[in-house]
Structure formats: C-alpha cells, structure tokens
Amino acid sequence: MKANQHHVIYLKDYQQPDYLINTTSLTFEIEDKKTIVTAMVNFRLNTDKHQQRKDSFPDLVLNGQAMQLKSVAVDGKTLQPKQYTRTSKELILPVTAPSFTTEIVTILEPQHNTSLEGLYQSNDMYCTQCEAEGFRKITYYPDRPDVMARFTTKIIAKKQRFPVLLSNGNKIDQGVLSDDRHFVVWEDPFPKPSYLFALVAGDLQHIESSYQTMSGRKVTLRIFTEPHNIDKCDYAMHSLKQAMKWDEQTYGREYDLDIFMIVAVDAFNMGAMENKGLNIFNSACILARPDTATDSTFQRIEGVIGHEYFHNWSGNRVTCRDWFQLSLKEGFTVFRDHEFSADMNSPTVNRIENVNVLRNTQFMEDAGPMAHPVRPESFIEISNFYTSTVYEKGAEVIRMMQTILGHSGFRKGCDLYFERHDGQAVTCDDFVKAMEDANNIDLKQFKRWYSQAGTPVIDASDEYDEKTQRYILTLRQSCAPSPGQKIKAPFYIPVTTGLLSKEGRPLPIDASGNMQTVLHLKEPEQQFVFEQIKEQPVPSLLRDFSAPVKLNYHYAEETLAMLMRCDPDGFNRWNSGHRLLTDLLIMQTQRYQKDQSLELTPLLPQAFRALLQDVTTDPAIIAKMLVLPGVAYVGEQMQLIDIQSVYKARTFIKRKLAELLYNTFAMRYKQLNVHKPYQPTAQDIAQRSLKNLCLIYMAEHDLADGVEKAAYQFEQANNMTDTLAALTCLVNAVHPSAASLAEKYLAQFAEKWHKDSNVMDIWFAVQATAESTTLEKIKQLMQHTCFNFNNPNKVRALLGSFFNGNPVNFHRADGRGYDFLADQVIAMNKLNPQIAARLMLPLTRWKRYTPQNREKMQAALQKIKQQPSLSPDVFEVVSRSLKQS
C-alpha cells in the first residue's frame, strides 16, 4: 500500500465472523523490559454462516499489530512461519477442523507504547485500553465486537513493583512464585468481546465499600489509585452507589458480579472505559477533593461514573454487532447518564448544559466535512467516530423515542430489549424493533435519524382567527445536504409545544385544559390546529429541546424578553434569553463590520437586572441566563465566521453590562458570598455559580473594586471552584492592577500544586484561555516542567484549550495559530494518532471563515496532508476536510 492510502470500511460490507470463540485464556508475564502474553483460544466454526463441513474450512484471520510474534500453535502443534501468513496487520492460519485451539505467544513493550492503546505504561503502572481496536496490540485475535468469549486471565509479576494485579470478573486464584513474583487469576463468567478486556498492574492503594443489590446480593466496591491520590476517591464511591441504586429503580438493572472495581489512570486517551467489572478511568474523571476539584469536576465525576456503570447493561451485557452501531451503546448510555445527572441535580440546568454541548459541538460537526449519521456508513479509522454525533446526538435520538412513546412505553421497550438480547451483539435496528414491539408502533420513518446526517431546520409560522378562536401553527422541515447525502427524506420530529398569552400567562391548548402537547411532525410541511384558543397566543416551541433541530420563528425582542421571564418551561425560558443575546450579538457584529458605532438595547440591562434581583428562581438557572453566547457559537450563526468582529461585539456588550449593572452585580455577589464548609450539593453549586459569574462581570469593569474582590476571594477560598473563578477574573480583568496580581497568584498556584497533575491541568487551561494569551505564551508553557506532550490530559489542558477555547487569539489574521496547530498534529501523529486527529478539528470548518483566515487554515491542512506516513486517524480527517475545496 502506498504512503497515505488507507482502506475504507463500509457498513454494507458487514459479514458474520467465520469462527466464534468459546473460551479465551490469557497469561501475562510482566518483566522489566517486556511482557510475554500467551493466548489460548478455543474456536468453533460459525455454523450460522457456514454449514458443518468435513473437508475444507475458511482460513482463520486474526487481527494484530505493533508486537513481536514469538510462536504459534494449533491443537498443541507448533507451526513454522511457512505454515501461516503474517502481514503488518493480520495473522492468517489454515484450518482443518470445525473446532480447534490456538496458542499464540507475543512479546510487548508497554513502556514504549505512546499510542495508549493495548497494554501501556502510565506513570509506574501498566494498564490497558482496548476499545475500539486496542486488543490487537496485545495478541493476535478476532478483534471485533461480535465475537464474544468467556475470559480467564492470569497475571504474573514481581510483587514489590506490582503488588496489585487486576483484570475482569471475579478473582479465583492467587499465589506466590519464585524470584519475588506472584500471580493472580481472574475469571469473567459473562461472554464479552475483546474490546472489554482490561488489565492493571501497579503499586496501588484502594478504598473499599459494599452495595446490597435489590435482590439482596452483596457487591464489593473498590476504587484503586496511586497512593498519593487515595484521599480523593470518596466522592467517586458515593457517586457509584448512587448510580447502582438509580439503575435499579429506573431500569430494574442489577449488577451481576461479586466485585466492581475502578482504577484511576493519569495517561488515558478518553474519559473512562467500561471494561466488565474493571472500569479504567482517566484520573481527571475520578479524583476530587474540595481544594483540588471544581464544582464542574464533581458533577463530571458523578456523570462519568454513572455512564460507565450503566454500560454494564447498555454496552456489556448487550453490545454492538459492529462499530457502525457504536451509538447503540453510547447514545443509549449517554441518555441514561443525562437522566441520572438530572435526577441528582437540577433537571433544567442539566438540560441547558447538555444542549449547549450539542449546539456548540455536534451542530458544527453536522455542518462540516466530518458530518456523518448517528450510524455511520463508512470509516477509515473508527476512533474518528467517537464523536458528539454518535454520543450526544445519539442520546437525543433515544430521548425523542421516550418523548414519542412516553416514559412507561419507553421502559417497556427497554425491558424487552434487555430480555431479548442479553448476551448478544446487536444493532440499532434491534433496539428500535424492541421499542416497536413493546408499544405496537411503527417507527420506520423515525429510523432516518440513524441513517441521515445533518441538523434538521424547522421553520414555524402561525395565524389566529379571533372570531373562530382557532389557532393554526404551520411547521416546515428541511435538512441541508451533507457529505454523501444530497437529498434528505423527512424526519419524524416530536415538537413539544405550549401556548402563552402576550403578557406571559400560560394558556390551555384544548378544551380539556391541557397545558402542552407533543406535535408529531412527519411531513415536509404540516399544519396543527388548536381550537377554542380565546386570545392571540405566543407559541412556546420545542420545549425541553424535544428534538435536536434548529428552529426559526419570528419572535420580537419584547416577546423573547417575555418568554425569558414567564415561560413555565425552564429550558425555553433560558433559550429565549439565549436567542435574544445571540440576535443582539449578531446585530452588533454586523455594525462593527460596517464601522458603525456599537449600541446596547435598553431591554437587555433591564432583563439582566430583573434576573439578578430574582431570589425565587434557582440561582444556577439565573447564572446560565446571564452568560453571553460564546464567540465561536455566534460566529457559526453567521454566513461567514468573523471571529475578531464577534469578539469585539461580545466584549462591548459584556463590558457595557458590567458598567451599567456594576452595583447590582456587586450586591448579588455580596449576598451569595457566604463562607461555609464546601459541599458539592446542587444548592451550593447553584449559589457558587451565580456568585462567581457576578465576580466575572465585576472584573470586566475598569474599577479596582472588582480586582480587589477577586484577589481577596483567591486568598480566602476554601475550595477550587472559588479559587479558579478568582484566578480567571484576574487573568482577564480590565483594570491595570490585575496583571501583576494574576502573575503573583499564578506563581503561588503552581508552587502549591506542582505535584498534583490534575490541578496543574487547571493552571495550564486558565492561561491557555486567557484573552491576553499569545502564541508565544503557549510555546513558553509547553516548556514548563509539568507539561508532558505524551500525556493527553496535558495536551488537552494547554493546546486543546488554546485551539478551542481561545478563538480570538487562535484565529488571529496572521495565521500563525493554524501553522502552530499543524506542527503539533504532525508531531503527535507519530506518538498518538487518536489525539493528533482530535487536535485538528478546529481547522476542519475552514471553508466557513472569512477569506483571509480561510486561506491560512487550508494551507495548514495541506501542510499536514503532505506529510509522509500519516496515520489513518489523521489522514481521514485531513482528507475529508480538504475534500471541500
């Protein structure tokens, strides 16, 4: 194969495996410079695909790469190299019987594995990451999710260096060997695909608790970490018990092993991994103490713990047939963890946060060169499709099904799905079929959400007849072309709708007095008629964001302000304010582009003042309503993205609000600034979020008072949330005194926390996103002793934060930011292709930008593409991005 030519895999080409597996027995002998892996696998012919034969059998094709092959045996007979075929990615063995056992010995060097796939070293421990295709870096194996087996794993290592040896399932044996070595044997009684295999070896400590399931079984719970982090695991343990209880109460799903283990790892490509019985977590998603973790970190830990635990059923007991079905487990489980987090905290705030993620990442993805359906049709590298489309949009597809079927109907469908497919590898169609069969409904049209890419747009219009008291709402749907899909068939879109009077009074939608309904939009255009509506109504559309679509309806500024005050739907109340702010930002951006003076409509400070004086609404919701839409989001709403102009308009509005409402911000800050012991409760988090947002606005005014309050908060804070908020204020504050204070406190922060890897990620990120940060500053921070280019968390904290979270400096007209990103992608491509491909994503929307930026972004992509020996990960993203030209 020529350089930079990679094989495309298509969903339409799926075929069942030729062979299935009964049992897999693995032995890992961990030595100082190498690890020897012996894999004994009992195969049988897949008779669903091949009739029982006695004469000839298809070859056994095993996946494998980046390891040394020591020996191959079949049914106890060692094969010579001429008896098998070995390529850079496969081992092909001849087969002479319908069932047989292979024994393959491979040699690994985990300490040199910078891809962090397969078996690798993180600090002083060894661990694995096998999803999606990491197991093929451990041994030669049919590394695909539809081949499931019962695993037994024996680990042998020196006891002094690796006293803790963990794998999937239940521990069935352990013992001491010669030369200070010991062994542990783990057995997983449930069949699983290779991507769910896990191993950890290290000098670890753990906290332990237990949980009694709804059937009365006692489950041991352990969370392992390196010794210096052992005091940061308590909240994770609390969250795990909450998740286990919630899954029993909400879905009737009970844990099925004797032990559930979590291990915190510093070097990890993703957030966490649901390996059966042995979850491996990025330490940033498990470790928390009030002085080391922010409120958002505590909430993320709770959500990620829930997500990985819920996978025990929605992903492990029932898994996906192939990687095109990834959303079967991820979309469903993201939906489950969203619902869990909503029940543990504020449902409205949780919904706002989830929709913000969707709009700021997935909607952009849907409109760019990497657009793909929730169930992709093809890929070169599956790692590129662990995307917000598969995860977040996939979760919205599940949510729509619940909206259409109702909570009880959806639960019936889930029960049937788990009962029907327990122990199987299935498809998205199988999930929808369970919903259809349990509710006697046809969801054929709905399944287009899985096969069609793009974000649908709903254009709404209405008319009211005062004489007949009839209100007619017309909805039209459309969806723009996306790569490989020029024409889209109509989607099935549930639109949850209510009506209000012009003054903001909720109106009944029918004679029965119902206050809202779900409109089922299935045609390109539909009319919905409401009878006995006694006055001209204002529609409240898409309540709780009932579908992942864009909505166009002409609301006057005054009407949006009314909905912002009065809509009984919490999400739509926030969304009305968000739209009002977005429209205002677009208008001021256009004025700036025309060299016109910027102005602030009086409606906005009036609305903000009313919110700040509101003591009845959840402070967390108020805080969300007071946040201006981001520069990147506003840019995406315009025909051409002009980052610098949007930034100027946003800065004007932000500082004008700070000037006009300074005393109101200061008063609310004072009310909420109560010194008390830290608790990560929803109520306390809400109060801190509003308090710190007030402080941020105060620092935008050119008064010394805001800077002084931020400095005092930094010095007096008893938790990382308040510390970080104060530091963020100081690095971005307007007043001249802020710069020296920011430098002083950044130095103090680093001196205090330089030995805590996750806390230093906060330190890197707060500087990377500062409005004053230059490219030279980023390069300087890369030389800091705590920065490690091989550690994904460090790369995300510094480089990812700059590329994605500091648009005004990254997108400077000179294009140096783009060239710098290209250099980092080229360097990372040789070490960790997954991370390299993700770093590149800010460049993929190049065609939407103003010509000056567009040309330089395109040049950076060309620079990457011209490099020899690009990984499939990077090649796929860069080639799809440039295909637009």
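Tutor: Two strands pair if DSSP finds at least two bridges between them. Helices (H or I, at least four residues) and strands (E, at least two) are DSSP runs, numbered from the N terminus. The model is predicted: local features need pLDDT of at least 70, side-chain atom pairs count only at pLDDT 80 or more, and totals for chains, interfaces and linings use all residues. Residues are numbered from 1 along each chain as its sequence is written, and side-chain values use heavy atoms, without hydrogens and water.

Student: Which are the edge strands of the open sheet?
Tutor: The sheet has eight strands with mixed pairing, in the order β6-β5-β9-β3-β2-β12-β15-β14. An edge strand pairs on one side only; here these are β6 (77–78) and β14 (170–176).

Student: Tyr 712: buried or exposed?
Tutor: Tyr 712 sits in helix α16 (residues 704–716). Buried means under 20% relative accessible area, exposed over 50%, partly exposed in between (1.4 Å probe, protein chains only). Tyr 712 has 51% relative accessibility, so its class is exposed.

Student: How many charged residues are in the contact of α16 with α17?
Tutor: Contact means heavy atoms within 4.5 Å; Val 707 and Phe 714 of α16 are among the residues that meet α17, where Asp 722 and Leu 730 are among the partners. Asp, Glu, Lys and Arg count as charged, Ala, Val, Leu, Ile, Met, Phe, Trp, Tyr, Cys and Pro as nonpolar, and the others, Gly among them, as polar. The contact divides into nine nonpolar, two polar and, for charged, one.
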